[in-house]
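Good morning, and thank you for joining this meeting. I would like to take you through a structure that is new to this group, one element at a time.

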Protein chains: 2
Amino acid sequence: MKERVEKIREGDEREIAKCISLIEKNGGDSYSILKEIFPYTGNAIRIGITGPPGAGKSTIIDKLTLLLINKGKSVGIIALDPVSPFSGGALLGDRVRMSDLNLENKVFIRSMALREGKGVSRFALDAADILDASGKDYVIIETVGIGQSEIEIAYFTDCTILVLSPESGDGIQAMKAGILETSDIIVINKSDRPGAEELKKDIILAFNLSGKEVDVILTNGLKGEGIENLMEKIENFIKKQKIENRFFQRRKKVIKERIKKIVFSKIEEEIEKEMDKDFILEKMVEDIYNLKYSMYDAANEIIKNFLMGGKNE
Amino acid sequence: MKERVEKIREGDEREIAKCISLIEKNGGDSYSILKEIFPYTGNAIRIGITGPPGAGKSTIIDKLTLLLINKGKSVGIIALDPVSPFSGGALLGDRVRMSDLNLENKVFIRSMALREGKGVSRFALDAADILDASGKDYVIIETVGIGQSEIEIAYFTDCTILVLSPESGDGIQAMKAGILETSDIIVINKSDRPGAEELKKDIILAFNLSGKEVDVILTNGLKGEGIENLMEKIENFIKKQKIENRFFQRRKKVIKERIKKIVFSKIEEEIEKEMDKDFILEKMVEDIYNLKYSMYDAANEIIKNFLMGGKNE
């Protein structure tokens with residue numbers, strides 16, 4: 001174990017990859033590693049990058065990463081992909097990207113499957129801890145789509161960036177999904193497409209109405225335009241957060257949320273086990289289907305049994 | 001209470017609205033009503049309608065509802081809206097629609113806020129029970145967006161319909177989000193727009209590859225085209241499910257999932273209370289932030305305390 005932790009701290013890519021796979025496969029058994037590396041975490045700046053498919057997140061992350069490397073920084077990237085039997089393979093296909101660049105210990109990229117119904121998976125946050133402990137200066141967590149994972153990401157990073165493109169109503173979708181207000185910086189990518197300036201104005205107006213301050217900037221990821229500005233905005237945001245003591249408040253909130261996440265998922269595991277035991281549930285379902293008994297009665301009984309089970313431990 | 005249940009069974013709109021509000025506000029206190037009405041549920045066919053914003057779900061639901069009413073059926077509609085401080089009002093704005101039509105006891109429409117991180121809210125399912133007990137022949141649950149709520153809805157209805165439009169890459173988004181395979185009928189709306197036929201072919205191809213059978217149909221909601229075909233497909237789907245005994249299997253699965261949902265949300269409530277007690281969590285967070293102690297240790301301690309608490313009850 002000690003050797004393992006040592007290797008991670010030295011940034012050994014194979015060891016990092018192995019540990020993340022372990023985390024991905026089996027939350028439970030990886031706790032010991034996570035506990036061991038825990039004292040070495042907390043140094044990396046964690047950035048969340050989110051937005052609908054096709055907005056250009058990957059390109060922006062690539063360009064941002066190159067910029068950071070040129071500044072002498074190292075970067076870890078975790079890309080959360082929704083799992084689909086139809087497209088799973090294809091989605092992961094375009095992730096090879098930067099790992100081709102042979103940047104040695106400067107960049108580590110990893111795709112992880114976004115578990116259905118779990119939002120920003122606990123496992124992705126654990127993987128970010130590994131990258132943090134491995135000495136990466138920045139850890140970027142990328143999520144795809146408009147939905148829960150995008151809203152959630154803001155709770156788990158130091159700075160959240162929303163990437164939109166002027167086309168296809170991304171802006172309206174984002175407003176509807178309620179993810180504007182959880183973003184710290186909003187990037188309108190593909191600035192050369194029609195509607196970019198207009199979308200920027202609309203978003204600034206929406207924020208003015210809400211009273212929250214936010215940076216809204218234009219980029220052109222493919223041409224690399226606006227990336228330095230974005231980097232500057234990120235640095236300024238972090239600096240300001242630190243001066244105003246909000247950086248640490250936010251990190252404490254993250255810790256709180258992560259504890260809850262661990263507690264809930266462990267208890268859920270336990271209850272699932274309990275519920276599958278002795279076909280208790282099957283019998284209940286039968287009775288409920290025949291309207292003999294309500295779901296609320298069944299739930300109460302299961303909770304009582306679960307807590308009684310705790311008694312005998 | 002008896003009078004209340006009686007009124008709901010008679011389809012009293014004010015009573016139904018009051019009960020749903022109670023459910024929305026306070027899961028706990030509404031259990032007694034839900035338990036009372038439970039024996040009168042199970043008759044309505046539950047249809048889930050999902051898809052990205054702008055695909056035309058509302059129009060299709062309106063037209064489908066009118067068709068059902070003309071056939072002498074009654075319909076309850078629950079529209080789940082994501083909550084956003086920016087757009088909340090506007091989103092709900094266009095829901096007045098059918099309730100204007102003065103269709104008396106034939107239609108009941110209700111918007112509910114989609115609770116962050118809860119997927120298809122337990123409360124929406126409870127509201128569907130109220131509408132079911134009130135004698136509605138069909139209960140339609142509408143969700144917006146591409147994400148967890150769309151995947152989840154399939155688990156809680158008798159038939160799930162995905163509405164896409166040919167524009168703005170809806171099809172690709174849907175494939176990426178993994179919601180194609182949880183749909184029973186796929187509607188490509190705005191059939192007069194370019195790419196409609198192509199999208200249909202792509203989706204059929206994707207399903208052929210996966211081996212799952214599905215109906216993919218074109219509609220034009222605004223013109224009312226294809227709605228009768230959609231209704232026919234729904235009826236055939238339900239009929240086939242019943243003949244092959246899958247209808248009841250699916251309902252039993254729904255019951256199982258709903259029990260789990262009730263159990264988890266009750267236990268989460270309890271744990272949240274436990275965690276907020278005596279500032280236990282605050283102290284833990286402080287220690288974790290100072291790297292004295294890991295989140296995994298904290299989680300274990302909380303679980304132990306929670307189960308010990310159960311001991312003393």
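Which residues in helix 6 of chain A are buried? Before I answer, please note that this is a predicted model. The buried residues of helix 6 of chain A are F123(A), A124(A), L125(A), D126(A), A127(A), A128(A), D129(A), I130(A), L131(A), D132(A) and A133(A). In other words, eleven of the twelve residues are buried, and helix 6 of chain A is mostly covered.

The length of this helix can also be checked. Helix 6 of chain A covers residues 122-133, and at 1.5 Å a residue its twelve residues should span 16 Å. The C-alpha atoms at its ends are 17 Å apart, which agrees. After helix 6 of chain A comes G135(A), which has a positive phi, near 95°.

Let me place that helix in its chain. Chain A contains 13 helices and seven strands. Of the 313 residues in chain A, 47% are buried. If we take the contacts in chain A between residues at least 6 apart in sequence, 75% of them join residues at least 24 apart.

One residue illustrates such a link along the chain. A196(A) belongs to helix 9 of chain A, which comprises residues 196-210. A196(A) and P166(A) are 30 residues apart along the chain, yet their C-alpha atoms are separated by 4.9 Å. Beyond its neighbours within four places in sequence, A196(A) is in contact with P166(A), I188(A), K190(A), S191(A) and L218(A). Is A196(A) buried or exposed? A196(A) has 20 other C-beta atoms within 10 Å, and a residue counts as buried at 20 or more, so A196(A) is buried.

I turn now to chain B and to a pair of helices. Two packed helices are described by the angle between their axes and the distance between the axes. For helix 2 of chain B, residues 13-25, and helix 6 of chain B, residues 122-133, the axes come within 9 Å and cross at roughly 160°. Helix 2 of chain B is therefore roughly antiparallel to helix 6 of chain B. The crossing of helix 2 of chain B past helix 6 of chain B is right-handed.

Which residues meet there? From helix 2 of chain B come I16(B), C19(B), I20(B), I23(B) and E24(B). They meet F123(B), D126(B), A127(B), I130(B) and L131(B) of helix 6 of chain B. The residues of this contact comprise eight nonpolar, no polar and two charged.

Technical notes:
Residues numbered from 1 in each chain as written. Chains lettered and ligands numbered in written order. Predicted model: local features only at pLDDT ≥ 70, side-chain atom pairs only at ≥ 80, totals over all residues. Axes fitted to C-alpha atoms, helices over the stretch in contact; angles between N-to-C directions. Helix = DSSP H or I, 4+ residues; strand = E, 2+ residues; numbered from the N terminus. Parallel < 35°, antiparallel > 145°, perpendicular 65-115°, else oblique. Left-handed = near helix turned anticlockwise from the far one by under 90°. Contact = placed C-beta atoms within 7 Å. Nonpolar A, V, L, I, M, F, W, Y, C, P; charged D, E, K, R; others polar. Expected span 1.5 Å × (residues − 1).
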